[in-house]
Amino acid sequence: MLIKRRDDIVPSEITPRPLFERRREFIKALGAGSIAGALGLGSGAAQAGARLAGIQRGPFGTDEKPTSFKDITTYNNFYEFGTDKYSPAEKAGRMKTQPWAVAVEGLVHKPRTFAIEDVLKLAPLEERIYRLRCVEGWSMVIPWVGFPLEKLLRQVEPLGSAKYVEFWTLYDPKSMPGVRLPVLDWPYVEGLRLDEALHPLTLLAVGLYGEELPNQNGAPLRLVVPWKYGFKGAKSIVRIRLTDKQPETAWMKASPGEYGFYSNVNPEVDHPRWSQATERRIGEFFKRKTLMFNGYGDQVARLYTGMDLRKYF
Ligand code: MTE
């Protein structure tokens, strides 16, 4: 269970990640003393990523139990490192994430390339615990750290003619063994309508569980769009381009009958090869019903008023 907390404290600040999941055992073992102090955390807990400072508790969080750090970071889709779930954790360590820059360009008044250090200064970091529903039928609950994508897009001042946003991710054959296979038309490109990109739920994530993103989860920055299937969440972004044409995404190119541009979570529209009505939450045995817009309908349904969501899937 998620630990009880005051509203202004984020869970990952109360209990550093290695303890987050095993907190009860530690409390039993150490009594009421300072757990973090007793273990010398901050001075090198085993394999902990760099902790992110000053994280605030963001809006829209679910109080569902977060998936374990282990599952979130070892059961991944990152095809640049292979198509099975375990390869990204094994192989993504080779990807160089320092230095890193992201170009924001296209139909904007002030195109600019941001060093990752400058991206981190654009807005206060928030923790947002979002559901992630993969198109394959599994789901997780992930305590992301980031800030609304809008904060970055406003910096470059989109032109009135900008209607869509493209996200281009790293293509580096030297460190990415998966790109040698023509599984997708590399680099991995995703897209959103501009109003979707500016929606307050849409997150530019730089961390999870209070730490910098592990490489396999899309370091150093990735997109998180919780009402859409997980594949919209482009990882390791290097370029963001505003356009007036609907982007052609990597998945649409690979299989246009199966993957549409919108990709909103919709239990009523099946994937041609399987049902989307239910999902398996990683760590749970029984399947649960998939919710329209992944449960974020109150926030986002209005974006699609009057649209036939079977046609625009
Ligand atoms: N981004 C890139 N660059 N390459 C990918 O293969 N896979 C997508 C998405 N982003 C992918 C990607 C898919 S299919 C999913 S479900 C999510 O990342 C998985 O994110 P996670 O591994 O952090 O849970």
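Start by selecting Arg222 together with the ligand: in this predicted model, a polar side-chain atom of Arg222 sits 2.7 Å from an oxygen atom of the ligand. While you're there, look at how wrapped up the ligand is: on its own it has 530 Å² of accessible area, and the protein covers 99% of that.

Next, click on Tyr79. Here the backbone does the work for the viewer: one of its N or O atoms lies 2.7 Å from an oxygen atom of the ligand. Then hop to Asn77, where a backbone N or O atom is 3.3 Å from a nitrogen atom of the ligand.

Now widen the selection to the whole shell.

Last stop: colour by pLDDT. The protein chain averages 89, and 85% of the residues score at least 70. Select residues 1–8 and the score is below 50, with 15 contacts in the model beyond near neighbours in sequence. Then try residues 22–46: pLDDT stays under 50 there too, and the model has 17 contacts for them beyond four places in sequence.

Note on methods
Residues are numbered from 1 along each chain as its sequence is written. This is a predicted model: local features need pLDDT of at least 70, side-chain atom pairs count only at pLDDT 80 or more; totals for chains, interfaces and linings use all residues. Side-chain values use heavy atoms; hydrogens and water are left out. A polar contact is a pair of N or O atoms within 3.5 Å; within protein, one must be able to donate a hydrogen and the other to accept it, and residues adjacent in sequence count only if both atoms are side-chain atoms. Accessible areas come from the Shrake-Rupley method with a 1.4 Å probe; for residues, only the protein chains shown count as cover. pLDDT is the predictor's confidence in each residue, from 0 to 100. Contact means heavy atoms within 4.5 Å.
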